[in-house]
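This report is written for a student who is meeting a protein model in detail. Please look at the sequence and the structure below before reading on.

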Amino acid sequence: MFDVCVIGHVTQDRIKIDGKIVQEMAGGTAIYTAIALKTLGLNVAVLTKTSASDRSPLLEELKNRGIAVFWLESPETTQFENSYQRDRLDSRQQRVQAIASPFTPPDLGQIPARLFHLGALTNQEMSLEFLQAVFATQALISLDGQGFLRQVIHQKVQAMDWAEKVSGLAGVHILKVDIEEAQLLSGKTDLEAAAIALNQWGVREVLITAGSRGSWVYQSGTLEQIPAFAPTTSVDPTGCGDTYIAGYLYSRLTGEPCHLAARFAAQVATRKLEQFGPLREWQTPQSIPSS
């Protein structure tokens, strides 16, 4: 039994800062969240799709770290280009050169997991039919709303509401979105009203992130703001949201309440910001600051 199975496309990522390519690497939620969860100490699996030629180079680190990989072949591998300005690392521009084939219900197989984390990168990756197959496992379900709100048009990523959101969120226990995604999904500009709307569709725990401005967690009628942790240096923000949810899931699965899990999530996301690539090292602090 795995603690968490992360489902999503592993990507070929190109990172640009101030117009210069600074890194090319495997990416996507299936990389960043899975490696962070493993680094924190959980038993992790990944269900993903790439082309046969990209299988070995892109999945090598997952396997080397002891993460079980359930691989399915796709004609293409998803390819992302993430561009940042050094003085605005909270904001990025994206281009998508290719998209791997979508997941289908038979792809799920019989993977045993306490929790499935759904990390779609575009709205072409996971259909409602596939989500319902995951819900039918009776495991806990975590979902990153980002990909379900991304439409790719002429290689450019555009925000678009999720047409099947009410049914798609009905089986979700934990939802992570940023402020803009929360507002788009809910139709509400006020964060508390947005969180309440998402909760009323069935989501038990709503996480709303805002980079350096911190995050919010909503559960059982209470919205609590969580401060961000100041980094010693800001190197690479790609995957910080994926690392945040990894920290939250780890903390919740090990018994912490929502507000402490969100504080821990903010801390590990900051540690990831200080390095290129996924969170590969972690030393448990003596205590998590309360504010």
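## Basis of the model

This is a predicted model, in which local features need pLDDT of at least 70 and side-chain atom pairs count only at pLDDT 80 or more, while totals for chains, interfaces and linings use all residues. Residues are numbered from 1 along each chain as its sequence is written, and side-chain values use heavy atoms, with hydrogens and water left out.

Helices (H or I, at least four residues) and strands (E, at least two) are DSSP runs, numbered from the N terminus.

## Helices H5 and H6

Two packed helices are described by the angle between their axes and the distance between the axes. Axes are lines fitted to C-alpha atoms, for helices over the stretch in contact, and angles run from 0 to 180 degrees between N-to-C directions. Helix H5 (residues 179-186) packs against helix H6 (residues 191-200) at an angle of about 55°, and their axes are 9 Å apart. H5 and H6 are therefore oblique to each other; angles under 35 degrees count as roughly parallel, over 145 as roughly antiparallel, 65 to 115 as roughly perpendicular and the rest as oblique. The crossing of H5 and H6 is left-handed. A crossing is left-handed if the near helix is turned anticlockwise from the far one by less than a right angle, and right-handed if clockwise.

On the H5 side, Ile179, Ala182, Leu185 and Ser186 meet Leu191, Ala194, Ala197 and Leu198 of H6, where contact means heavy atoms within 4.5 Å. The residues of this contact of H5 with H6 comprise seven nonpolar, one polar and no charged. Ala, Val, Leu, Ile, Met, Phe, Trp, Tyr, Cys and Pro count as nonpolar, Asp, Glu, Lys and Arg as charged, and the others, Gly among them, as polar.

## Helices H7 and H8

The axes of helix H7 (residues 240-253) and H8 come within 7 Å and cross at roughly 140°. That makes H7 oblique to H8, and the crossing of H7 and H8 is right-handed. The contact includes Cys240, Tyr244 and Tyr248 of H7, together with Leu260, Phe264 and Val268 of H8, among others. By class, the contact of H7 with H8 has 14 nonpolar, three polar and two charged residues.

The expected span of a helix is 1.5 Å times one less than its number of residues. The 14 residues of H7 should therefore span 20 Å, and its end C-alpha atoms are 20 Å apart, which agrees. For helix H8 (residues 258-273), the 16 residues should span 22 Å, in agreement with end C-alpha atoms 22 Å apart. H7 is mostly covered, with 11 of its 14 residues buried (under 20% relative accessible area; exposed is over 50%, and partly exposed lies in between, with a 1.4 Å probe and protein chains only). H8 is also mostly covered, with 13 of its 16 residues buried.

## Individual residues

Which residue takes a positive phi just after H7? Gly255 does, with a phi of about 100°. Gln138 has a positive phi of about 70° although it is not a glycine. Gln138 lies in the loop between helix H3 (128-135) and strand S9 (140-144) and counts as exposed at 69% relative accessibility. Gln155, likewise not a glycine, has a positive phi of about 75°. Gln155 is found in the loop between strand S10 (150-153) and strand S11 (156-159), and is partly exposed, with a relative accessible area of 31%.
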